[in-house]
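Subject: Structure handover

Hello,

Here is the structure I said I would pass on. My notes on it follow below the files.

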Amino acid sequence: MGTDRLPAVFAPNDGQVFAHWNPDNSADAGRYLERLAAGRRALDGDIRLRKHILDGCINGLRTIRRELAALVVREVGKKPWEADEEIDYAISFLDHGQGLLDSPAFEKTIEPGRTVTEVGVGGAFLICPFNDPVAGLTRKIAPAIAAGCPAIVKPSSLAVLCAREMFTAFRHAGVGDEIQLLTTGDPALSRQVLNHDDIDIISFTGSTSVGRELAVACAGGGKKTVMELGGNCPFSVFDDADLDLAVSDLMDRKLKAAGQACSSVNRVFVERGCYTQFREKLLQRVGTVVAGPSDSGVDLGPVRTREAANALVRLVSRAEEAGERLLTPKPGLVGDNSPFVVPLTVVESGSTSLFDHVETFGPVLSIRSFSRRDEHFSRLSRERHALAAYFYSGTPRTLEPRLREMRFGSIGINSTAIQGANVPTGGFRNAGLGREGGSWGMREFLTTVNRKFAV
């Protein structure tokens, strides 16, 4: 097949096509599915094999870390230091998965003659996002393999090259067919895999709308789901907060990956007493941000696609038309053969905002003031996209009674460092179902068998 008929890979740093990839077909998917049953038998009860697979993945990533980091920059548009950090982050999930198997306790005697054994749920279909093209895969692979579940991994069509580079390294490091890679942008082929009898659990990271569709399909087939979906994360600043710390953390979190993370900050709520001062500090910092191709030493790199960039520009226009006020220059549409760069844009909102209903997933930020703490907490308690929330206060202990009422999957108090391989992430309501990370992530892939022996 000529390259003109294959999916093209556009580099977000210059808007140019730099590669093509050959999608898998139905026959390929059939072969991967055939290997699941054998993989399940091999992994069942074999802790040494599970550790061997995870070790192979670790060694594979270490072997190609320089080349893979460079590919993350080129294919996805992350800054070089972000890409390098992501390799370490990806390895940390695999390393943590190995650690969970150092002293396994998958079987417990409940009473004489009765044992309860934890076993893998079955074959896993792991559907991964583009924004973490390496760690987004290992954070699902590690708990699945640790639990004894063979897996078919489907990366985003926007991060196929990184996934293929990873899996080539895995195979060279001795990782077998217990993990398969499916590269496709065809929803029908994904449904073929999802509906197969040997798929028992689906782990998905992506939008709420797609997650709901998958959940309906899984429910019809009696399949378990683990889903991390969209977040519209609030960042609350109270009058007694360290404003410099709050601005610094906010900017660091928003600039990383050009704001393309479900746990990135989208909306900033500032108590009225410090609102003017905070806004001035924020805008001063925003004014120093240099945006451009991520490989050119900038603060803010591109978003992944031209379509995403222009959707953000149109979103800002819609907000302005609705009466919200731009505090930074209005961004322009991204043309052909141009980097997919949107400058960091700050919009001042009223008590209600377009951004209350839209996850920006990019370098656009809404900011507003609030007067009454009780009303603010009441508002947050009703959030539907309750993935992560951040609170900044000089007296955080005084907030604890209200924070305990908050139902967000992760809460940062004077910190945005909420993630890690050893802790759970996930959300409530429209933000998802189940958890990834730590032992909690492995538990999602486990179920129990109750055995009673006559004595």
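I start with one residue. Thr 115 counts as buried, because its relative accessibility is 13% and the cut-off for buried is under 20%. Please keep in mind that this is a predicted model. Thr 115 sits in strand E4, which covers residues 114-120. Leaving aside residues up to four places away in sequence, Thr 115 touches Glu 107, Lys 108 and Thr 109, and also Val 449, Asn 450, Arg 451 and Phe 453.

Now the protein as a whole. It contains 14 helices and 20 strands. Its radius of gyration is 23 Å, close to the 23 Å that the globule rule gives for 455 residues, so the protein is as compact as a globular protein of that length. The C-alpha trace spans about 70 × 60 × 40 Å along the principal axes. Of the 455 residues, 55% count as buried. Among contacts with a separation of 6 or more, 72% are between residues 24 or more positions apart.

Next, the aromatic side chains. The count comes to eight aromatic pairs. One of them is edge-to-face: the ring centres of Phe 130 and Phe 361 lie 6.2 Å apart and the planes are at 80°, and planes over 60 degrees apart count as edge-to-face. This pair links distant parts of the chain, as the two residues are 231 residues apart. Phe 130 is in the loop between strand E5 (123-127) and helix H5 (135-147), while Phe 361 is in the loop between strand E13 (345-348) and strand E14 (364-370). Phe 130 counts as buried at 14% relative accessibility, whereas Phe 361, at 23%, counts as partly exposed.

Phe 167 and Phe 170 form a tilted aromatic pair, 5.2 Å centre to centre with 55° between the planes. These two are separated by about one helical turn, because they are three residues apart in helix H6 (residues 160-172). Both Phe 167 and Phe 170 are buried.

Finally, one aromatic cluster is formed by Phe 238, Phe 370, Phe 377 and Phe 391.

Regards

Definitions and conventions. Residues numbered from 1 in each chain as written. Heavy atoms only, no water. Helix = DSSP H or I, 4+ residues; strand = E, 2+ residues; numbered from the N terminus. Rg over C-alpha atoms; globule rule 2.2 N^0.38 Å. Buried < 20%, exposed > 50% of the residue type's maximum accessible area, 1.4 Å probe, protein only. Contact = heavy atoms within 4.5 Å. Phe/Tyr/Trp six-rings, centres within 6.5 Å; stacked < 30°, edge-to-face > 60°.
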